[in-house]
Amino acid sequence: MILSAGNEEIFSFARPIGIGLIDSAINLSRICLFDRPSSLIFIGSAGSYNPKKHKIFDIVTSSSASQVEISFLKKESYTPIEQIITTNVSRETIVNSSNYITTDKLSALAFDKLGIEIENMEFYSVMKVAKEFNIPVKGIFVITNYCDTTAHKQYLKNIKKAKTILIDYLKKGYIK
């Protein structure tokens, strides 16, 4: 089953699950309980923490997600929850999720130094729900912005073209 967040990221072949960690977890749990899929592919946009690694309109696939907040980077908080979920033992891009978009370039580079390269608001909750229901999962993302002060402006400017690029990529093996 192909999933997306919704709002600007609606696709005719994907089931929207909501924006952010909470709505996506609730709605995906409901899907898994009542219409159990055999596998999940979450598609959507992502922001790049390091422009040297992932540029605008790059496609990034992953089966690894984290939920690390900026306050953790600044040593202002801690968490008892599992911070990184992965279903793939090989080294791949870790996608960070938060209900907030990173707009501070120094924080973005700090995430990158931890090995976390891009951010998408929903992917950690998608990974967590898939793990709970023992469903294979992966994410396919198109970079729409860099994580800096112009992140939202870049996203709005690039989302339409990014969706076209993502659809073209998916036609090569995921959709007809």
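**View 1. Buried residues in the predicted chain.** Of the 176 residues in this predicted model, 48% are buried, meaning under 20% relative accessible area with a 1.4 Å probe and protein chains only. The accessible surface comes to about 9,300 Å², worked out by the Shrake-Rupley method with a 1.4 Å probe. Carbon and sulfur atoms account for 56% of that surface. Residues are numbered from 1 along each chain as its sequence is written. Because the model is predicted, local features need pLDDT of at least 70 and side-chain atom pairs count only at pLDDT 80 or more, while totals for chains, interfaces and linings use all residues.

**View 2. The overall fold.** Here you can pick out 5 helices and 9 strands; these are DSSP runs, with helices (H or I) of at least four residues and strands (E) of at least two, numbered from the N terminus. Following the sequence, the order goes β-β-α-β-β-β-α-β-β-α-β-α-β-α. Take contacts (heavy atoms within 4.5 Å) between residues at least 6 apart in sequence: 76% of them join residues at least 24 apart. Along the principal axes, the C-alpha atoms fill a box of roughly 40 × 40 × 30 Å.

**View 3. A closer look at helix H4.** Helix H4 runs over residues 123-133 and is mostly covered, with 8 of its 11 residues buried. Those buried residues are Phe123, Tyr124, Ser125, Val126, Met127, Val129, Ala130 and Phe133.

Notes: Side-chain values use heavy atoms; hydrogens and water are left out. Buried means under 20% relative accessible area, exposed over 50%, partly exposed in between (1.4 Å probe, protein chains only).
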